[in-house]
Amino acid sequence: MGLWMLFLTFLKIGFFTVGGGLAMLPLMQQELVSGGLMTMAETVDMVAVSQMTPGPFAINASAFAGMRLYGVWGAAVATLGVTLPSAVIATLTAKFFIAFSKRQAVKDTMATVRPVVMGLILSAALSVANAALLQGGTDGGIDVPALGLAMVSLVLLLTVKKLSPILLIVICGAFGAIFLQ
């Protein structure tokens with residue numbers, strides 16, 4: 001695959017991702033993992049790095065994948081490919097949405113798309129959970145420390161109102177570096 005095919009791959013990901021962010025992960029997995037360009041472990045690393053670096057997930061993930069495959073030019077090409085559709089669609093939508101947003105067909109379409117986006121995000125979460133919690137375990141079992149860390153993180157995020165996700169990432173990263181080697 002050359003830079004042109006990389007651009008077209010991320011252009012397709014950009015065009016057919018509704019909901020942005022993690023909603024694009026199933027399509028990215030299909031294109032990158034099933035296409036033999038990246039492993040599932042590399043995809044999980046891509047998600048982790050993309051989530052903990054500043055900026056939108058789509059840009060971070062495409063830059064990571066492009067950099068992994070073709071260096072700096074790959075990062076630039078993949079990022080351009082994934083952002084171009086959004087820029088064009090957002091510009092056209094902004095121009096026409098306000099004028100047509102009160103129409104019932106538009107309201108019905110939006111009401112139908114929301115659950116699909118939720119399903120895409122849930123699918124991505126389950127894929128990441130599978131790779132992070134099951135594939136790291138001994139003999140194909142559950143990675144108990146990773147599961148424990150995930151559960152503690154979830155409980156803290158749901159119960160401690162002002163807990164910063166950034167602080168939680170730093171604490172968990174330090175815990176992993178110290179205790180899970």
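By class, the lining of the second largest pocket comprises nine nonpolar, seven polar and no charged residues, where Ala, Val, Leu, Ile, Met, Phe, Trp, Tyr, Cys and Pro count as nonpolar, Asp, Glu, Lys and Arg as charged, and the others, Gly among them, as polar. The model is predicted, so that local features need pLDDT of at least 70 and side-chain atom pairs count only at pLDDT 80 or more, whereas totals for chains, interfaces and linings use all residues. Residues are numbered from 1 along each chain as its sequence is written, and side-chain values use heavy atoms, with hydrogens and water left out.

A pocket is here an open set of points, on a 1 Å grid over the protein atoms alone, where a 1.4 Å probe fits, with protein on both sides within 12 Å along at least five of seven lines, and its lining residues have an atom within 4 Å of a point. The second largest pocket has a volume of about 350 Å³, a volume being the space filled by probe spheres set on the points, which are joined across faces, edges and corners. Of its 16 lining residues, Thr17, Val18, Gly19, Ser86 and Ile89 lie nearest the centre. Helix H1 (3-15) and helix H4 (57-100) each give two or more residues to this lining, helices being DSSP runs of H or I with at least four residues, numbered from the N terminus; the largest share, seven residues, comes from H4.

The largest pocket, with a volume of about 1300 Å³, is lined by 31 residues, of which Ala48, Val128, Ala150, Ser153 and Ile169 lie nearest its centre. The largest share of this lining, eight residues, comes from H6, and the lining divides into 24 nonpolar, five polar and two charged residues.
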